[in-house]
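Please look through the sequence and the model before reading on.

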Amino acid sequence: MEEMKDTYIQEANELLENLESSLLSLEDNPNDKSNIEQVFRVMHTLKGNSSMFGLTKIAEFVHDLETIYDKIRQGEMQLSRDILNTTLASFDHLNLIIVDSELEEETNKENHVKLINEIHKFIGKAGVEQHSNDNLTESQVVKSENVELIDQPKTFHIHFEPGESIFLDGSNPLFLVAELAAMGKSIVVPHFKHVTSLVDYNPTNCFTYWDIYLESTCQKTDVLDVFVFVEGNSMIEITEIPFIELISNPSFNEVVNGTMFKDLKTDVTSIMLLAESIGKKVEAVSSNEKNEILVATPVEAQKTAKAETKEKVVSSIRVSSDKLDELMNLVSELVTTQASLTLYNQKNETPELEVISENIEKLSRRLRDIAFGMTLVPINNMFSRFQRLVRDVSMALGKEVQFVTEGGETELDKSIIETLTDPLMHIIRNSLDHGLELPEVRENHNKDRKGTVKLKAFYSGISVYIQIIDDGKGIDANIIRKKAISKGFLKEDEVLTDKEIYDFIFYPGFSTAEVITDISGRGVGMDVVKRNITDLKGVVSVESKVNVGTTLTIKLPLSLSIIDGLLVEIAHVNYIIPLSVVNKCYEVDNSEMMENFNKLLILDDKQVPFINIRQEFGYKNVSGSEKSQIIVVSDGDKKVGISVDYIVGEYQAVVKPIGKYYKNQDFISGATILGDGSIALVMDTHKIIDLYTEHVKLELK
Amino acid sequence: MKAEATLERIAGETKSFLSFKLAEEHFTIPVMKIMEILEVPKITKVPQAPNFLVGVINLRGAVLPVIDTRIKFGMSQIQYTINTCILVLSIEVNEEELVVGALVDSVSEVFELDEEKIKPTPTIATKYRADYIQGMIQENDQFMMVLNIDKVFSSNDLESISESKEAPIKLD
């Protein structure tokens, strides 16, 4: 049972996550029908799940909430900001009570009652009698149950014009009319078609059509079902008129009966107008009527709930992450073993073996892709969670904020994403609170009133970068420096780069200092942020410019990563360049490289800057008579050549960390074990290019 | 002194120690810290790394960083002989387990020792950083330094190592 409850909570969490993103997009786009449907559906499934597990309090709560959206969905209510706010508050509440389903926590209980009151107010607005909700009693819940499950009666106008040949098909339209009439109160108005010429007149054809007014609690689809066999060749128009008590109204009768037997099409809009003037709005229904229909509908509702859960079950299954980890480990071992096989095959050139080895390579590659697809989740899941945070915080602060996300498709390990949420939330809150200025201040600085906070994720080498960029007031390095000195972290005469100075933000104890909070703000709990990220083996750094903004960068290693790479050799050491950045390979004479002062090569009639890796890595330069391979890699929009001695070939590399000792050699993002057991180092070309650029700049100075 | 405090805590227990040689100097570390002893395989050097970091090796599918212990102690670079070997050590840095290979000139023996026999190092006589040495012992007329390997091989010490590289303490 406990296990089942875990499943429930997991699923509920997912549903709620879904719900939140739909709600937030509804806020921007209140008329988006598909979103309202989505919200309704999610609530419905949640309700179904909750009652399945006997969590009646949650089920009832969601049920009431769902009622609002059902009404909106049916066009009976307009989505308002108040409704959204209440829904979001309810959403928060749901998040809490899915683990406290019996409302044992006092605050939860209070909240529960309060929110139910609010929700009922909305439902009440739409005509349902309001309950007194001081006590959350069983009877009250039952009552509200009734309210939703009853479908409100409404009037349909059905225009039924059977095809002329209907009798030949063996159908009798009168049966259909009778069936309709049995569905509720009705007026049936027959019309005869005007026959122009009695010469061509076919007496077996049907020349009658009907206008039927039906007041019933059934749905439009139920009405349509009646016509299921004649749909093909008949004209059927069904209009819902949201008014009742028309049929018993004498003046309505008079109007519609006036058209009887005449060959004229009833104008639906005029009927609508008439209905509005004499009819009774659907919502204002008496409670007696509600009970009548109660019997039929709950079954229906349950059915749909079941159908939806069933769909979910088919589309995904739950697997514990331990199993996935094991799978990933096995896949990476398989890839390594396969590399040995390929190597063995190369040495022994047996044609049969070659076929087998190639097949295994193909299979392992596919297996790898699938295994990856299972453990990695797009970071977007997390990004959408922050929409809400930004909305709430910026509202509370009175700031205008545009929240932009980029690279949401970047994939990360699910566990990493979960651990990252809190630190990121903290950083974003800081950006909003301390980074961005108030709209007035921004205008004074010639900035757009609306501040921007950008969340960006991208791959580089075998790392994932996440950046939080704001265009706020930035952090003044001088102030941090002074603070660091006064706190004793730094000596007066020590010279540090700006980067090093910004690192003080992450010092424990530095953050709480008032001065910083007043002036630049960053820092409250930033040490915790750093610790969290370090726990993930990540690195965090800050860049900032006063009045331009602040960029916080988090670099995370991909926990276990298998990449397609190009295996190359430099000074008898094997290196892997990720194939994702490799553009093209060229062969050039070494002399061309060595006697090159502007460090540009002409490749395919284009000038390409290049890096002599031997020089960069401190290996001896080779003699000018030999040839080198230039591998052109892309780095953002740039293309840069990297010189290597030989290209060995494509290689599927299981990248392993090389350990903390090499933390200063971060242009090597890891190592992989080759088929013969030796080690190849995996290059992070982005870092190599960065390093080289810095290096060149220094030289110029 | 910190070393003394540690001593008092573990006093009275008998433990196994392994002794090894760096140049002519004898050192010893608790066997508990050693996972295995390897012959020197092919070492892949990582470019631009400080010179005490010899490179990485393949330890049954895992990538293991290897440290030249001699350079770490301010001696000259290790010369590979038939006796040269790698001690695979499991050390603890900031409550985290770290596995590292330590290149040593030769391994001598494993012996049992009552921890009480570890004597504090005379402070004047040390040519090594005091926090690297846990104490001294005497075994078969041979004085040996008991190393505090968690300290010696902690990667956090990278900065201080590069300092000592500029002004190496001459041994021989």
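Along its sequence, chain B follows the pattern α-β-β-β-β-β-α-β-β-β-β-β-α-α, where helices (H or I, at least four residues) and strands (E, at least two) are DSSP runs numbered from the N terminus. The model is predicted: local features need pLDDT of at least 70, side-chain atom pairs count only at pLDDT 80 or more, and totals for chains, interfaces and linings use all residues. Residues are numbered from 1 along each chain as its sequence is written, while chains are lettered from A and ligands numbered from 1 in the order in which they are written.

| Property of chain B | Value |
|---|---|
| Helices | 4 helices |
| Strands | 10 strands |
| Buried share | 32% of 172 residues |

A residue counts as buried if 20 or more other C-beta atoms, placed from the backbone, lie within 10 Å of its own.

In chain B, 16 residues are in contact with 18 residues of chain A; contact requires C-beta atoms, placed from the backbone, within 7 Å. Strand 4 (53–59) and strand 5 (62–68) of chain B are the elements that give two or more residues to the side touching chain A.

Terms used. Contact = placed C-beta atoms within 7 Å. Buried ≥ 20, exposed ≤ 12 C-beta atoms within 10 Å, placed from the backbone.
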